[in-house]
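Please examine the sequence and the model shown below before reading on.

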Amino acid sequence: MQLGVCYYPEQWPRSMWADDARRMAELGITHVRIAEFAWSRMEPRAGEFDWGWLDDVVETLASHGLKIVLGTPTAAPPKWLVDAYPEILPMRADGTRWNAGSRRHYDVSSETYRRECVRITAAMAQRYGSHAAVVAWQTDNELGCHETIPSYTPAALARFRSWLKARYETIGQLNDAWGNVFWSMEYASFDAIELPNLTPTDANPIHLLDFRRFMSDEVSAFHRHQVEVLRRFAPHADVLHNFMGFFTTFDHYRFAADKAIDVASWDSYPIARTESIALPEAQKARYARTAHPDVSAFDHDRYRAIGQGRFWVMEQQAGPVNWASWNPVPAKGMVRLWAFEAFAHGAELVSYFRWRQCPYAQEQMHSGLNLPNNELSPGGIEVERAAREIAASHVLSTLAAPTRADVALVFDYETQWMFEIQRHGKTFDYQTLAFEYYEALRELGLDVDILPKSADLTQYRLVIVPSIAVIDDGLIAQVEKSGAQWVFGPRSGSKTKDFAIPANLAPGALQRVLPMQVLEVESLRASLAPAVRVGNTNGVAVHWREHVRANGETGVEAAFDDQWPAVLAHGRVRYVAAWLSQGLHRALLQQVAAEAGLTVQNLPEGLRTRRRGDLTFAFNFGPERVQAPSPLGARFVLGGAQLATGDVCAWLDVDRTDNPA
Ligand code: GAL
């Protein structure tokens, strides 16, 4: 369990640097991320480098025993570069260019900009790549943030055409696959294809989907140019990128493939995230100062797999932020809790954003570990406490690597894109559906691994597929091979890879293991709420429901009040033909988990647990005081069983024999 901080020495007088480094080390911080927006100071004019200040910062931090994460500064191209090459500015779907004057004002497809990024990365890496204190490199910053991707530039169009040519080979095959006979959309050559923007009504969904697939690959390619340079000049350092929470614009599994990163790091702003996602207002109100109990966990569990077991929190909320609709001060204890929560889910490092609140420019309303006057902030005081607690406990400072959970939840980026392109109902959002299944599992006290469909799922006892637009033979082979209970949610298998309805109807290939067919689908306004009972719980379908037919031996385990099946089962495989209201997912999963031989608990509202090795952590996100589900005689290494809001505790398995202190 290591603690870090994001630091912007270029924003402060040189006279403060040594004292900052000393105080960081005293606080218990081990890692410091620097430089990711400092291009204009590294290279004030084209080709004129000024490394003096950065040399000083690196030496100052290193001399206090701090390890450095160096960011390549490519998220903030300096103005002289934009003036020299205005074509690097990205373009919005409405055809207008974004301006310089903030950050991320570049087009990911611009070959000119990629060349410039390689140039500055190489200059940096040649200078610091072999420095012993520089233990990791971050490429760019939050790729895709501020909706700068997709970008609709001429550069993107040229590369999109080549991408399509590589995928379809001939224009005839593309026309067939896309169904371009519809509305006379047939093309005579790849050069005739445009980007799918500025069309009077919907562009062809497969055109939109291929453009999203292409853009996702563009993001990976942009990152990989920098990785090649870093591997050459900094072969001993970890390479990473800081991803975002609830962010699906590119396929993170593909991004991370082929060792494109060593660690998955992500930026965790739980309160702002709770405010900005599609949660019921009552939950937003209940968790306004603590964040919803699953928002961080969901991404911890997702990024752990993306990093092949290794993940960091690169930026952790340290107090109020500046960018959500409302930005409250976190409840007492939360800044400390979020660190232990990340560690419980397997994080190696939690790095807070930022060392000191900056009194000027865009983020002056964003807190840090220090107030603008350099006094430790309330968040800073909590981090100091967490650092002391970790240092004082042998168990906490030597945690085992995270192990496999019993439950897998399959997450699929393409499914998100396909259902965004064709929501069919205003409120259908795949990621939110996946989150609700995740929430239900966690309310039952289950640990979850979030994985791509290509992962080995056969070792799990319960596999949840909240939905998956395209079901391929590989996934069916996994169902056949595994001994797990499987649950597939609505819209599973509803499309082919070319964005069409499968010839045998939905759920496509799933019919091989669960004979059934989807005859019609409906999206539901709030006033349309077919009722259903699952186990002892009454509820309704929300957002989405299907009219399905059970074929062959398939049984109907629950039906709506108008007789349409709600839950179908065949052996160990189930299909849920609707988006179920709160409480119903949990009722269903409780029953399925029992069939999978898993022990479940009904945790008090707002309480969550997570196991790491032989330690169990419990966290209270709710406004009420609650009791952690620790066994009698549990040996606590952190806190105790009574948890006030924002409290955390951790206990060892009862049979652990060595000294827990
Ligand atoms: C992140 C970003 C940081 C900072 C932070 C504020 O999205 O990477 O640079 O802007 O948000 O919360």
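This is a predicted model: local features need pLDDT of at least 70, side-chain atom pairs count only at pLDDT 80 or more; totals for chains, interfaces and linings use all residues.

Residues are numbered from 1 along each chain as its sequence is written, and side-chain values use heavy atoms, with hydrogens and water left out.

The chain contains 19 helices and 25 strands; helices (H or I, at least four residues) and strands (E, at least two) are DSSP runs numbered from the N terminus. Its radius of gyration, taken over C-alpha atoms, is 26 Å, close to the 26 Å that the globule rule gives for 661 residues, so the chain is as compact as a globular protein of that length. The globule rule is 2.2 Å times the number of residues to the power 0.38. Along the principal axes, the C-alpha atoms fill a box of roughly 75 × 75 × 40 Å. Of the 661 residues, 60% count as buried, where buried means under 20% relative accessible area, exposed over 50%, and partly exposed in between (1.4 Å probe, protein chains only).

Attention now turns to the ligand. A polar side-chain atom of Arg103 lies 2.9 Å from a ligand oxygen atom, and an N or O atom in the side chain of Asn141 is 2.9 Å from an oxygen atom of the ligand. For Glu315, the distance from a polar side-chain atom to a ligand oxygen atom is 2.8 Å. Taken alone, the ligand exposes 310 Å², and the protein buries 95% of that; the areas come from the Shrake-Rupley method with a 1.4 Å probe.

How many disulfides are there? The count is zero, a disulfide being a pair of cysteine sulfur atoms within 2.5 Å. Cys117 is in no disulfide, and the nearest cysteine sulfur, that of Cys145, is 16 Å away. The sulfur of Cys145 is 14 Å from the closest cysteine sulfur, in Cys6, which is too far for a bond. Cys117 is buried at 2% relative accessibility, and Cys145 is buried at 12%.

Finally, Asn204 lies in the loop between helix H7 (171-178) and helix H8 (205-233). Asn204 is buried, with a relative accessible area of 11%.

Technical notes
A polar contact is a pair of N or O atoms within 3.5 Å; within protein, one must be able to donate a hydrogen and the other to accept it, and residues adjacent in sequence count only if both atoms are side-chain atoms.
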